[in-house]
Amino acid sequence: MSVQVEEAPGPMTPTGDPVMAAKLRRPDAPPWTVPRTRLFDRVARAVDGPLTLISAPAGTGKTVLMGSWLDTAPDLPHVWLNVGDAGLSPGVFWSYILAGFGGTGKIPHLAGPTDPDTVERSLLVRLAATLSELPQPLILVLDHAEALARGPVPETVEFLLTHAAPQLRLVVLTRTDPALPLHRYRMDGSLTELRLADLAFDEDETRALLAAHDAHLTDSAASALGAATRGWAAGLRLAARALRRNADPARFLDGSLDGDGDIAGYFGAEVLDAQTPSDRDFLLRTSLVDELPPGLAAALSGRPDADTVLARLAHANTFTTTSATGPRTYGYHPLVREVLRTRLRHEHPDRTAALHRTAARWYADAGRLDEAAHHAANAGDWADAAAHVVADLAVTRLCHGPRAEGYAARFAAMPPDIAGPEAAVVHAALALRTGDTATCGAHLASAERLIHDESGWPLRLCAAALRALHAAATGDRDDMAATACAASAAALLTDATARGLRVPADVVALVRATRAEALLRTGDLSAAADAAAEALDATTLDGARHLHLDCLGRLALVEALRGHLRHATELAHRAEAVIVHKGQSASDLPPAVPLALAWVHTERCDPAAARRHRDRAAAHAGDPICGGVLAAVEARLRHAPGDGPLPRPTPAGGEATLTQRVESWLATASAALADRRFDAARDALERALRLAEPEKLRRPVAESPAALRRFLRHDRRLAERHAWLGAARTGGGYPPRSAGGGAVLVVEPLTEKEREVLRYLSELFSTEEIARTMFVSVNTVKTHVRGVLRKLSATRRNEAVRRARELGLV
């Protein structure tokens with residue numbers, strides 16, 4: 001029930017005191033309050049115990065949460081006290097408490113303290129005894145209880161809580177932990193704590209809060225705002241108010257962090273200005289780094305007790321939190337960190353470069369060269385920044401992968417005349433990222449003139465890797481430049497590995513992938529496959545996912561060109577499964593993946609599937625290799641059945657592919673047939689078909705001479721044994737519609753979508769997995785499955801898959 005303030009006799013509780021009335025009044029719920037059901041459940045369970053602590057920084061919704069929860073239980077006896085500075089004086093504090101208890105109608109009158117500075121122990125004993133005899137528990141909420149972190153009051157609160165159990169339930173809402181023996185309550189399991197991370201608004205609550213402020217964003221924009229604020233209620237509310245004024249969502253946060261911005265003003269008034277001058281200076285100096293591992297704060301602030309200061313600030317809820325990246329590592333809330341950085345630039349513009357330089361030295365000494373490069377660049381020490389990038393073997397990250405833009409942005413302001421081979425290598429990588437191969441080549445030539453045998457192996461490896469990437473980008477294969485450069489980089493990599501030197505996995509994978517591409521250009525598919533497999537082995541999903549997908553795609557494409565269609569399909573489907581598992585779209589796949597599948601389906605004479613994958617690949621294929629294979633797929637899809645073989649998309653080289661071996665035996669069979677050596681023709685044709693059958697390689701048969709295909713159709717034994725060829729026996733471009741002497745009949749052709757669903761069924765995908773992969777609803781997938789079952793005269797999925805395999809459909 002709500003507290004009704006009544007007269008509480010005694011010198012410390014004057015009748016009708018408006019200050020007391022205000023202190024004991026629970027704040028009304030704001031009109032924008034969002035019911036937080038998931039936290040209501042936690043609060044309800046918490047108040048079953050003696051002590052609930054809701055401790056978090058300003059603006060996190062502590063008061064609103066507790067007040068709105070009490071609104072859901074209007075008959076629950078409770079007292080609400082807005083402590084403020086009342087906690088500084090024991091007599092005043094307990095006068096308020098007694099008045100609140102008296103207002104519930106549950107506690108008989110007790111005379112209040114006579115001295116504002118003390119409270120008699122006997123009074124607390126009588127109050128505890130009275131509370132203990134209540135028929136049901138009573139909740140005491142102490143709001144804005146920061147004052148309980150010091151002074152004599154916490155000891156008296158602890159006494160009452162201990163002796164009034166179990167009928168007194170204490171809830172403390174505070175920005176700073178109270179001076180209560182929290183460790184003891186934690187040990188016996190009687191303390192429930194809600195802190196900053198618990199109070200953060202989730203995505204649903206964020207959208208509800210924005211809507212309550214009449215600020216309507218798309219789901220993606222709302223999610224981005226929630227992530228940027230980390231669910232901080234005050235940040236979200238300030239954003240909502242600005243967005244209601246038609247502020248640009250994309251620019252709101254940047255503007256609000258400036259000195260006169262909403263978030264900067266709120267943080268300054270509620271947190272920063274309340275700090276001591278030394279702590280305020282500490283926060284500004286240490287804000288230039290994203291995280292503060294042990295020792296770094298001391299270097300930046302010049303305070304040997306820096307780690308102790310961080311622990312104290314975290315305990316005081318100043319948006320300072322421990323990080324999961326390492327023990328005793330701290331960090332600031334991202335928005336707060338940006339506010340601090342802005343203040344540092346405005347108030348101490350002369351400090352910024354020196355602090356970045358200090359951070360760069362500390363990170364370099366700690367072997368964290370990526371962070372060292374970042375801060376050296378911010379300090380304007382470009383030669384040092386470039387040297388850190390090279391020593392970290394991170395040059396390739398400037399020009400390759402989804403994070404290349406972010407890495408390159410660090411060096412956007414680097415002057416072109418910075419001396420040294422490291423700076424030239426970095427400039428070369430930046431030029432390669434933008435496709436400026438001429439400038440890249442010039443900078444590489446400059447770097448190579450400065451590199452000698454005594455140069456460090458990281459510099460030589462970075463230059464060699466960039467030279468290989470440059471050669472690949474220029475499309476130069478007349479003088480085998482790409483192959484030679486890739487081989488040089490691979491040799492340096494092998495030497496470094498043999499000497500036990502640490503080489504990042506993404507560099508290993510990229511060098512090997514570049515060599516695989518160079519070998520593919522020469523037509524040495526066997527060696528290209530080995531190199532691509534080595535590149536794939538060097539990547540992991542937990543590391544550079546884009547590079548892992550690129551390597552899967554390249555290997556799938558090489559295997560498809562070799563005629564290893566099953567392996568190519570398996571690799572492509574692995575890449576697709578990664579995309580589905582990570583919640584990405586099909587457009588995030590590298591073009592080599594759909595291109596490999598397009599090639600597989602042309603080889604299997606499935607033009608509908610080939611066109612579907614070709615269209616996916618054509619939207620993103622840009623490099624010469626993919627462009628050449630795509631052109632070959634296009635030619636095959638336009639090729640009329642029986643017109644004879646098409647030229648291969650890669651030059652001759654290396655061992656013969658499976659397709660070439662099949663085509664060779666078909667040519668032998670055709671020549672023997674022309675000489676009327678029928679047994680020899682049948683033997684050669686049988687050899688060709690046995691090679692082709694495991695991969696369902698139909699195209700060479702469909703493109704073989706008409707006389708050979710007639711011979712195959714009229715040879716009953718061969719025709720029955722190789723019914724998997726289907727229409728390829730007549731020069732058609734479609735899989736078979738019957739097999740096994742007509743035992744299974746497809747009365748109606750499968751649609752393109754039904755064929756795709758059938759393929760996923762054969763790979764044991766669930767209905768939900770198929771829906772995610774095809775980006776359709778579960779009901780749509782079920783409709784396609786019913787169509788497949790009907791057309792294949794099957795009653796179960798496994799029966800349909802078995803018949804589809806007999807028919808060569810999968």
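Buried means under 20% relative accessible area. The model discussed here is predicted.

Q: Is Thr-514 buried or exposed?
A: Thr-514 lies in helix H26, residues 505-522. Its relative accessible area is 8%, and the cut-off for a buried residue is under 20%. Thr-514 is therefore classed as buried.

Q: Which residues is Thr-514 in contact with, leaving aside its neighbours within four places in sequence?
A: Thr-514 is part of helix H26. With the neighbours within four places set aside, the contacts of Thr-514 are Ala-468, Leu-469 and Ala-486.

Q: How many of the residues of helix H6 are buried?
A: Helix H6 spans residues 153-163 and is mostly covered. What covers its buried residues includes strand E1, helix H4, helix H5, strand E4 and helix H7. Among the buried residues are Val-153, Phe-159 and Leu-161.

Q: Which residue forms a salt bridge with Glu-270?
A: The closest N and O atoms of the pair are 2.7 Å apart. The pair links distant parts of the chain, with Glu-270 in helix H13 and its partner in the loop between E4 and H7, 95 residues apart. Glu-270 counts as partly exposed at 32% relative accessibility. The partner is Arg-175.

Q: What is the relative accessible area of Glu-603?
A: Glu-603 forms a salt bridge with Arg-699, with 2.2 Å between the closest N and O atoms. The two residues sit in helices H30 and H35 respectively, 96 residues apart. Arg-699 is buried at 3%. Glu-603 is also buried, and its relative accessible area is 0%.

Conventions. Residues numbered from 1 in each chain as written. Predicted model: local features only at pLDDT ≥ 70, side-chain atom pairs only at ≥ 80, totals over all residues. Heavy atoms only, no water. Buried < 20%, exposed > 50% of the residue type's maximum accessible area, 1.4 Å probe, protein only. Helix = DSSP H or I, 4+ residues; strand = E, 2+ residues; numbered from the N terminus. Contact = heavy atoms within 4.5 Å. Salt bridge = Lys/Arg side-chain N within 4 Å of Asp/Glu carboxyl O.
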